[in-house]
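Thanks for coming, everyone. I have one structure to walk through today. Let me put it on the screen.

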Amino acid sequence: MEIKEYNIKGNNWHKVRIFLLDNKIKDITCDCIWSLNNQHAWKEGKTLCFHIQLALRQLYLETRKKKRPKVEGFKTLPDWLRKKYLSEVDHCQRCASKENLEIHRIKRGNKGGLYTICSLKHPSNNVKILCGECHDLIHSNEPGMR
Ligand SMILES: [Zn+2]
Ligand SMILES: [Zn+2]
Ligand SMILES: [Zn+2]
């Protein structure tokens, strides 16, 4: 297990640790109270403090150049990640519309597909930006799923 440590400044300095194994993120902790003082907040896919979000961004920037860890992702989409996706691609990747954009998972959520942390251009990315209409169309034979 490789552990990467980041000192992140919020109102105070906090220490975020990212645990990597076989080039995959296995766990993330932060010593702030929002992440329950180093409890493994990320693994359960629950709370993500601001510090963890910044540390993940930093890891992402660092690893862009070198061999990237295979970052897994989130079962539910954090708001900061939605913003990151939409800052990379500002239109529907099917019809180019800029209206009513939604985040679609290529491998579906019910099959274990995650909202990946990597760039939308990265081969292990599992996310596509679609407008509401194209999104409905893609799921039209999959009732109740988005
Ligand atoms: Zn924190
Ligand atoms: Zn579209
Ligand atoms: Zn979808």
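Ground rules, quickly. This is a predicted model, so to speak of local features I need pLDDT of at least 70, side-chain atom pairs count only at pLDDT 80 or more, and totals for chains, interfaces and linings use all residues. Residues are numbered from 1 along each chain as its sequence is written, and chains are lettered from A and ligands numbered from 1 in the order in which they are written.

Layout first. The protein has 3 helices and 7 strands. Helices here are DSSP runs of H or I with at least four residues, strands are runs of E with at least two, and both are numbered from the N terminus. From that end, the order is β-β-β-α-β-α-β-β-β-α.

How many residues are buried? Of the 146 residues in the protein, 27% are buried. Buried means 20 or more other C-beta atoms within 10 Å of the residue's own; exposed means 12 or fewer; partly exposed is in between; and C-beta atoms are placed from the backbone.

Contacts next. Two residues are in contact if their C-beta atoms, placed from the backbone, lie within 7 Å. Take the contacts between residues at least 6 apart in sequence: 50% of them join residues at least 24 apart.

Now the sheet. Three strands form an open sheet, ordered E1-E2-E3, with antiparallel pairing. Pairing requires at least two DSSP bridges between two strands. On average, neighbouring strands are turned by 20° against each other, direction ignored. Those axes are lines fitted to C-alpha atoms, for helices over the stretch in contact, and angles run from 0 to 180 degrees between N-to-C directions.

E1 and E2 share 8 bridges. A hairpin of 3 residues links E1 to E2. Glu 2 sits opposite Leu 20 in E2.

On to the core. A nonpolar core is a set of buried Ala, Val, Leu, Ile, Met, Phe, Trp, Tyr and Cys residues joined through C-beta atoms within 7 Å. The largest one has 25 residues, and Val 16, Ile 18, Ile 52, Ala 55 and Cys 92 have the most contacts inside it. Strands E1 (2-9), E2 (13-21), E3 (24-30) and E7 (127-131), plus helices H1 (50-65) and H2 (79-88), each supply at least two of its residues. At least three residues come from each of domain 1 (2-65) and domain 2 (73-138). Those bounds come from an automatic or database domain assignment.

Look at Ile 18 again. Beyond four places in sequence, Ile 18 touches Lys 4, Ile 25, Ile 28, Ala 55 and Leu 59.

What about Arg 17? This residue is also in E2. Arg 17 counts as partly exposed because it has 16 C-beta neighbours inside 10 Å. Leaving out neighbours within four places, Arg 17 contacts Ile 3, Glu 5 and Thr 29. Its C-alpha is 5.6 Å from that of Ile 28, 11 residues away along the chain.

Ala 96 is not a glycine, yet has a positive phi of about 75°. Asn 100 also has a positive phi, near 55°. Ala 96 lies in the loop between H2 and strand E5 (101-105), and Asn 100 is in the loop between H2 and E5. Ala 96 is exposed because it has 9 other C-beta atoms within 10 Å. Asn 100 is exposed with 12.
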